Amino acid sequence: MRLPRAKTVSRAALFVLLCGAGAQAQGGKPGALPDKEFQAKFAYCRTCHGVNAQGFRGSFPMPRLAGQQPEYLKNQLTAFIERRRVNPVMGNVAHVLSPAMVEALTKAFHNLDPEPLGGAPKELVDAGKKIFEEGDPAVDLPPCASCHGPEAKGNDQIPRLAGQLNDYIIRKITNWDKERGQDVAKPDASSVMEPITHKLTPDQLAAVAAYVSTLR
Amino acid sequence: MQRARRDQRTGSGLVAALLLLIAGAASAQDALPVRNCTWCHGSSAQGFMFAPRLAGQRTAYIERELASFAAHARDNPLSQKYMWGAVARLDPATAQGLAVYFSSLAPEAAADGQSGLAATGKAIYDNGVAVDNVAACIACHGPNGEGVRDIPRLGGLSYVYLKRRLEQWNQGYHQSAKPMPLVAKSLSANEVEALASYLSFVQFVDVGR
């Protein structure tokens, strides 16, 4: 009489165990995101951002996402959707991402660590390092390192710059006023950077962009 | 007397130098086996049937493709049949010369697609289809399909060629041409029709070679 009961219990235990294993197989991603769906989207992002998300130079420089801060990526994706950040391609891309997908993608990109793509003028690197570490006290330009970190790894909503494409950085800083913080009713973290983009001279910008692009 | 002779010598020297210059220029052009290419690609390199237009194509792209035929990486049936043999004994200097020559010719739009699909094709080209993981072509190939560096110019290539090329990636050919095999996989048959149609009508925009 006890045998069938024990069997039922063990079956129940097995069921619970299998469900647990199923959840584990999804890599702990919330919202039951099928792995196949995630892999397809992850590959799609890397069509433009480079096979290892190291960035890619197409008709436009497309930024490195590898090692990027998840909070920064999340904020930017939301900014594209809310049109706080203007970019015709990324607006569409961001619009269809579920919160679970954003969570999984930002984590996956953060965990990639390819070599920097390179391509910046080497002769500017030394001057760039000085600006990155010391700023330009004469015009109250703060050292980049004070927010982006001594190794340019970023933190929370402040982006990693290490290994970023120099031409991408130059374009973004130059167009800051036209692309970032476009919803006056909803100011965001981009406002912190705005005055700095005005202080950086084109030569300083080219130098500091070259420097951070070499960092891993 | 002496002076006149000297003038004469200088004069004949000049003529000789000029002749050499002209001969040099002529032989440089003759040395390029352009006609071997234009048999199939058309006498003004505007493309013919499945042989793509070479006129106005990007120099670095032509050079890279010639190398990929030589390496048998571009391996669809017509490439195997024609291009593998055509480039087998092509030295790098001649390949470069051909690339520079063809990229300098002004291209014409093939305009052989279905005009009714052009608007749909442009929408896919400019925006992609995010929900289906279709990347926006514009990001790499540029706002007017002009390409950049070794990324090819697509604007005005023939519908026949573009459609076939996208289909061949799906059939498993030329898989080294990353990321295009992945891009092609994301496109439906209708989307391929629309993109190839749209691009066939895009007019030449000169952004350098």
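Read along the sequence, chain B of this predicted model follows the pattern α-α-α-α-α-α-α-α-α-α. Its secondary structure amounts to 10 helices and zero strands, where helices (H or I, at least four residues) and strands (E, at least two) are DSSP runs numbered from the N terminus. Residues are numbered from 1 along each chain as its sequence is written, and chains are lettered from A in the order in which they are written. Because the model is predicted, local features need pLDDT of at least 70 and side-chain atom pairs count only at pLDDT 80 or more, whereas totals for chains, interfaces and linings use all residues, and side-chain values use heavy atoms, with hydrogens and water left out.

The average pLDDT of chain B (the predictor's confidence in each residue, from 0 to 100) is 89, and 86% of the residues score at least 70. Where pLDDT is low, the predicted coordinates should not be read in detail.

Of the 209 residues of chain B, 44% count as buried, that is, under 20% relative accessible area, against over 50% for exposed and in between for partly exposed (1.4 Å probe, protein chains only). One of the buried residues is B:Gln57, with a relative accessible area of 5%. B:Gln57 lies in the loop between helix H2 (34-41) and helix H3 (59-70) of chain B. Leaving aside residues up to four places away in sequence, B:Gln57 touches B:Ile62, B:Phe102, B:Ser103, B:Pro152, B:Arg153 and B:Leu157. The side chain of B:Gln57 reaches the backbone nitrogen of B:Arg153 at 2.7 Å.

Chain A contributes 16 residues and chain B 21 residues to the contact between them. The area buried between the two chains, meaning the accessible area (1.4 Å probe) lost on being put together, summed over both, is about 1,500 Å², and carbon and sulfur atoms give 69% of this area. In chain A, A:Tyr44, A:Thr47 and A:Ser59 lose the most area to chain B, together 34% of what that side buries. Helix H2 (35-49), strand E1 (56-57) and helix H4 (88-95) of chain A each give two or more residues to the side that touches chain B. The largest share of that side, six residues, comes from H2(A).

Notes
Contact means heavy atoms within 4.5 Å. A polar contact is a pair of N or O atoms within 3.5 Å; within protein, one must be able to donate a hydrogen and the other to accept it, and residues adjacent in sequence count only if both atoms are side-chain atoms.
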